[in-house]
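This report goes through a protein structure step by step. It takes one residue as its starting point and then turns to the chains around it.

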Protein chains: 2
Amino acid sequence: MLKVAVNGYGTIGRRVADALELQSDMELAGITKWTPDYYAFLATQKGIPIFAGDEAARQKLVSSGIKVAGLVPDLLSYSDIVVDCSPEKGEQNRKMYEEFGKRVVFQGGEESSIAECSFVAQCNFEEAHDRKYVRVVSCNTTGLCRILKSIDDSVGVEKAIATLVRRATDPNDTKKGPIDSVVPDPVELPSHHSEDVKTVLHDINLTTMAVKVPTTHMHLHALAVKVREPVLEKAIEGVSRATRIILMSSKQGHSSTSTVMDYARELGRPRGDLYEAAVWRESMKIEEGWLYLFMGIHQEAIVIPENIDCLRSMTGLMDSSSSIQATNRSLGISK
Amino acid sequence: MLKVAVNGYGTIGRRVADALELQSDMELAGITKWTPDYYAFLATQKGIPIFAGDEAARQKLVSSGIKVAGLVPDLLSYSDIVVDCSPEKGEQNRKMYEEFGKRVVFQGGEESSIAECSFVAQCNFEEAHDRKYVRVVSCNTTGLCRILKSIDDSVGVEKAIATLVRRATDPNDTKKGPIDSVVPDPVELPSHHSEDVKTVLHDINLTTMAVKVPTTHMHLHALAVKVREPVLEKAIEGVSRATRIILMSSKQGHSSTSTVMDYARELGRPRGDLYEAAVWRESMKIEEGWLYLFMGIHQEAIVIPENIDCLRSMTGLMDSSSSIQATNRSLGISK
């Protein structure tokens, strides 16, 4: 059993912890907390071992009635590997991981230079094998990698241009904007996403533009792809065959990101999470050699299967196809 | 003096009426109203002659204290030409206009088949000359025509792909959504905008994708243009030289559609209207022969100058350059 520490228990950390509990070859060694917030109480209710960020944090947690199993060094000593889900503090944490000689999965909020390679399971599973530090890329990058790989495999990608309409913040946040505004982010083109995709799909020709809008659920991508073989049926077949991408039909009422998230809730998965990139089937269209489509990305959930697969690739627990199948089965992802 | 009737006094009608009052070669013959809403009272305060939609409407208006100058047929008899600003009821109204033998400027909400040609002043002014029915295209189409014409004039447009991030509704509307959602509109690609642009720029190679987001101010376009001459300075120079397009700089704090609208309010124009398409200078970038940029469109205001110029083109009052100059001067549009 691979003993995995989850450092950071926010949007991603909570989900990775739950996903770890569902794997038969892994064990959740514990999570870390600094403050006695409702996340900490929920973890306690679930019986997850909680390790305090430092001594002051331990006292705060204990005096709030949270049972603390030890401090972060105790967790690291006990664990085989770490998933760093800290809020973009991976660089700062790395020294500590090095001291303890631990392998680490970092998240996409970090610079790509923090790790030896970046990772999307169905694109470059083998690249993470035997590495010490690997970065699971961000939600937007993960979605772009999945769809571009599937299109490249079926009809070949010559060039791609994507406009990312990004949710402003997550549903549990009330501090950030915008309200009633569209924010080019960044104004200077292209956005960083195209370079980030290239850390996984090294030879892809992609340019990205991104804006932020006042929503909390899902990013929406408008994608234009110059394909080598402009055959729509083949492209649709390729997307529908690919793992972790689902085709949503407007004929079944999928008119927006809201209906897609509603569908995900009805699937009965924890938190209503959608691990798959969601492509609108009727949006797929080929015109003058270019394939167009709309795709939705559940920003809180899409990278969860990648974190599990990344652990298996780094440690050699399973090969690509076995790991993806095992992860999919555990999370309820099917075609 | 060209006597102009404005049929419909909503978002566009109110603005066209005010713009007409500023022209030295035109006279606002009157507007039409069906209900005694605050628009009707504002028109009364401004001394604008109000004509009732029918006898029942006349009684409703009069009993609310609105002075009524007559019925719609009275307005049409007195006028030389009509600007139809009805809420997509142009087709229904057209029979009446035909009976009275009146020329008509229709708006972009109508099908292009309602008129003999479509119109954007700086693109095809001459095409409307001596026509009986002309359609000023929609706000999004007007913005796309202006920018693509300017790029084509400077560096040549080979192909263009635009993603339109559309405001959900106008600021005075509280009925429509979406809230916290991104709506592909339509899901089936491409959107109608590319075909609509071709009613003005007949030979342009353009594909458009559109989504609706929860904002009320400005559409934002993410534009990718394969240019014949990939020289950024030349493209920027072309855009900055073109009329009715302004370059906004992120270095001056233009970080979103909100700052652009705030800037427009500071200009002191009526209603804080921005008649120009607003292009972020720092977004303009050439990569592998493709020019990328972000552009904002004030949906309530951008077509107002076109309506005035269209009247002049149809009636032969002025040539293209004189009319555009006269309209710009009257509305405070300068470079």
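Leaving aside its neighbours within four places in sequence, which residues is A:Leu20 in contact with? In this predicted model, A:Leu20 is in contact with A:Val4, A:Val6, A:Met26, A:Leu28, A:Ile308 and A:Leu311, once those sequence neighbours are set aside.

A:Leu20 has its place in helix H1 of chain A, which covers residues 11-21. Is A:Leu20 buried or exposed? Its relative accessible area is 0%, and buried means under 20%, so A:Leu20 is buried.

A second residue, A:Ile304, lies in helix H11 of chain A, which covers residues 304-315. A:Ile304 also counts as buried, at 1% relative accessibility. Not counting residues up to four places away in sequence, A:Ile304 touches A:Ile12, A:Arg15, A:Val16, A:Ala19 and A:Tyr275.

For each of the two residues, a separation between C-alpha atoms can also be given. A:Leu20 and A:Lys89 are 69 residues apart along the chain, and their C-alpha atoms are separated by 22 Å. A:Ile304 and A:Glu88 are 216 residues apart along the chain, and their C-alpha atoms are separated by 17 Å.

**Chain A as a whole**

How many helices and strands does the secondary structure of chain A come to? There are 12 helices and 16 strands in chain A. With a radius of gyration of 20 Å, close to the 20 Å that the globule rule gives for 335 residues, chain A is as compact as a globular protein of that length. Further values for the chain are set out below.

| Property of chain A | Value |
|---|---|
| Box filled by the C-alpha atoms, along the principal axes | roughly 65 × 45 × 40 Å |
| Residues that count as buried, of 335 residues | 61% |
| Contacts joining residues at least 24 apart, among those between residues at least 6 apart in sequence | 71% |
| Distance between the mean positions of the 39 positive and 45 negative charges | 2 Å |

**A sheet in chain B**

Chain B has an open sheet of 8 strands with parallel pairing, in the order S4-S3-S2-S1-S5-S6-S8-S7. Why is one side of strand S4 and of strand S7 of chain B left without a neighbour in the sheet? Strand S4 (70-71) and strand S7 (117-119) of chain B stand at the edges and each has a single partner strand, so one side of each has no neighbour there.

In general, the strands of a sheet pair through backbone hydrogen bonds, either parallel or antiparallel. Several pairings can be followed across this sheet. Strand S5 (residues 81-84) of chain B pairs with strand S6 (residues 103-106) of chain B in the parallel sense, over 3 bridges. B:Val82 stands opposite B:Val104 in S6(B). S6(B) pairs in turn with S8(B), in the parallel sense and over 3 bridges, and there B:Val104 stands opposite B:Tyr133. S7(B) and S8(B) run parallel and are joined by 3 bridges; B:Phe119 has B:Val136 in S8(B) as its bridge partner.

Which way do the residues of S8(B) point? In a regular strand the side chains alternate between the two faces of the sheet. From strand S8 (residues 133-136) of chain B, B:Tyr133 and B:Arg135 point one way, while B:Val134 and B:Val136 point the other way. All of these residues are buried.

Definitions and conventions: Residues are numbered from 1 along each chain as its sequence is written. Chains are lettered from A and ligands numbered from 1 in the order in which they are written. This is a predicted model: local features need pLDDT of at least 70, side-chain atom pairs count only at pLDDT 80 or more; totals for chains, interfaces and linings use all residues. Side-chain values use heavy atoms; hydrogens and water are left out. Helices (H or I, at least four residues) and strands (E, at least two) are DSSP runs, numbered from the N terminus. The radius of gyration is taken over C-alpha atoms; the globule rule is 2.2 Å times the number of residues to the power 0.38. Buried means under 20% relative accessible area, exposed over 50%, partly exposed in between (1.4 Å probe, protein chains only). Contact means heavy atoms within 4.5 Å. Lys and Arg count as positive and Asp and Glu as negative; His and the chain ends are not counted. The place of a charge is taken as NZ of Lys, CZ of Arg, CG of Asp or CD of Glu. Two strands pair if DSSP finds at least two bridges between them.
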